[in-house]
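Welcome! Please take a moment with the sequence and the structure before reading on.

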Amino acid sequence: MTLDQARAALASARRVAVLTGAGVSAESGIPTFRDAQTGHWARFRPEDLASPEAYFRDPDLVWQWYAGRYADVTRAQPNPAHTGLAQLERDKGAGFFLATQNVDGLHARAGSGMGGGQMVELHGSLSSARDEVTGEVFALPDPAELVTPPLSPAGNRMRPNIVWFGEFLPEAALEAAQIAFYEAEVALILGTSGLVYPAAGLARHTRHGGGVVIEVNPERTDLTPQMDFSLREVASSGLRRLMGAG
């Protein structure tokens, strides 16, 4: 498949599913989880901070880490990849579905999920927390006002609303993504290494459903052999070219 053919497929598709990973947010200056292990946090492995065992062992430590990351992403701004996907959703309407592995909330801030399509945050969100007793999810206050560990309106301690190592993805979100990718005429895989499952398996659903799968990534990934077309660019410029804007 050529770039022109990929463009034509995307332009004509009524059902489009998109999977985004850390590469999309890197252009907004947000480091990956492992790259963020600097300074005081360099002595911790991600697994020391992002697991149920770590949380119940030292919830204050884990919350300090997540409060810092929450402050970082709140300062960051959506980049052209985020705004381009929001525009693509407005173009496609109800036939558009976005599944993101990112927890920074930048897709929502760019307008995704408000243009007639659907968005799911497969790995949760840094801007919310979950009541440990009831499971209810609540938005966090601004970083400057956040007291950790936060309490729910019922007075229960809340944990970060993040999918940790050893935990399952939200069942409803994953099922919706699997259906959307199976039904998609075109699937876009943007800025993800393809190493984290089950999200990385979504491309296979589109192939099984007979759709076209297009990858945008500066580097070859584990998913590249499954692709009909791969564009070796960062997410913003690659998406712009696919949408015929450059």
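Predicted model: local features only at pLDDT ≥ 70, side-chain atom pairs only at ≥ 80, totals over all residues.

Which residues of α8 are buried? They are Ala173, Leu174, Ala177, Ala180 and Phe181. These residues cover an arc of only 130° around the axis, which means that they sit on the same side of α8. An α-helix has 3.6 residues a turn, so residues three or four places apart point the same way. On the face of α8 turned away from the buried side you will find Glu171 and Ala172, both exposed.

## What covers the buried side

The buried residues of α8 are covered by elements that include the strands β1 (16–20), β2 (96–100), β3 (118–121) and β7 (186–190), along with α9 (202–208).

## Thr206 in α9

Helix α9 holds Thr206. Thr206 counts as buried because its relative accessibility is 0%, and the cut-off for buried is under 20%. A polar atom of the Thr206 side chain lies 2.7 Å from the backbone oxygen of Phe181. Leaving aside residues up to four places away in sequence, Thr206 touches Phe181, Tyr182, Ala184, Ala187, Gly211, Val212 and Val213.

## A cis peptide bond

Where is Pro149? Pro149 is in the loop between β5 (137–139) and β6 (158–162). The peptide bond joining Thr148 and Pro149 is cis, with omega about -10°.

Key. Residues numbered from 1 in each chain as written. Heavy atoms only, no water. Buried < 20%, exposed > 50% of the residue type's maximum accessible area, 1.4 Å probe, protein only. Helix = DSSP H or I, 4+ residues; strand = E, 2+ residues; numbered from the N terminus. Arc of directions from axis to C-beta. Contact = heavy atoms within 4.5 Å. Polar contact = N/O pair within 3.5 Å; in protein donor to acceptor, adjacent residues only side chain to side chain.
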